[in-house]
Each structure stands twice: as structure tokens, then as C-alpha cells.
Amino acid sequence: MEGLKYWRGVLDGLDTTIVRILVQREVVSKVIGEIKIEDGLDVYQHSREQEIVNRLTLLYSKLGGSHHDPSGYIARIYRPVFGQSKEIQDGVPYQDHSEA
């Protein structure tokens with residue numbers, strides 16, 4: 001049981017790191033939103049989201065990720081992250097309408 005407690009502690013530490021990074025990402029998203037407004041750009045840019053998914057899918061595989069559908073896995077994780085960024089940038093609450 002000590003092994004389980006240890007590894008759960010490791011996961012807790014990773015989760016804390018993920019949340020800290022999400023907060024940092026929100027700050028950067030706000031700045032990007034302000035720049036988009038100044039430049040007259042749309043908040044939603046599908047090509048940019050796809051570029052991020054493609055880059056992270058390659059990174060995930062390179063780092064040894066083992067999901068059978070890495071692109072789908074990364075896309076499912078990042079869909080709400082992208083939604084939150086759009087909400088921050090345009091003030092419209094994000095609602096995930098994807099299939100669970």
C-alpha cells in the first residue's frame with residue numbers, strides 16, 4: 001500500500017504543476033486576445049488550433065506516449081483548453097458540445 005500512496009503523491013504533484021501551467025496559459029491567452037483585438041483578428045482560428053494539436057501529437061509520441069490514437073487523445077485534452085482561451089479572449093462562456 002505504501003507504493004500506491006507514493007505514486008498517488010507523484011500524480012498529485014503532476015496535477016498541481018498542470019494547474020499552475022493552465023493559470024499561466026490563461027494569462028498569456030488574455031494578452032493574445034488583446035493583441036487580436038488591436039489587430040482586428042478573429043478570436044477563433046481553427047488552423048492555429050490544428051497546428052497546436054499536430055505539434056503536441058508529435059511531441060507526445062516522441063516523448064514515449066502510448067495512446068493508440070495520439071492525435072485524438074491530444075485533441076480531446078486540448079478542446080476545453082482552447083475553449084477556455086477563446087472565452088478569455090472574447091468574454092463568451094465556453095461550452096463543450098463534443099461527445100463525451
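**Start with the whole chain**

Colour by secondary structure: from the N terminus on, the elements go α-α-α. That makes three helices and zero strands (helices are DSSP runs of H or I, at least four residues; strands are runs of E, at least two; both are numbered from the N terminus). The radius of gyration is 16 Å, well over the 13 Å the globule rule gives for 100 residues, so the protein is more spread out than a compact globule. That radius is taken over C-alpha atoms, and the rule is 2.2 Å times the number of residues to the power 0.38.

Keep in mind that this is a predicted model, where local features need pLDDT of at least 70, side-chain atom pairs count only at pLDDT 80 or more, and totals for chains, interfaces and linings use all residues. Residues are numbered from 1 along each chain as its sequence is written, and side-chain values use heavy atoms, leaving out hydrogens and water.

**Next, select 2–39**

This is helix H1, with 38 residues. At 1.5 Å a residue (times one less than the number of residues), H1 should span 56 Å, and its end C-alpha atoms are 55 Å apart, which agrees.

Which residues of H1 are buried? Pick Ser29, Gly33 and Lys36; buried means under 20% relative accessible area with a 1.4 Å probe, protein chains only.

**Last stop**

Click on Gly40, which follows H1 and has a positive phi, near 70°.

How values were computed:
Buried means under 20% relative accessible area, exposed over 50%, partly exposed in between (1.4 Å probe, protein chains only).
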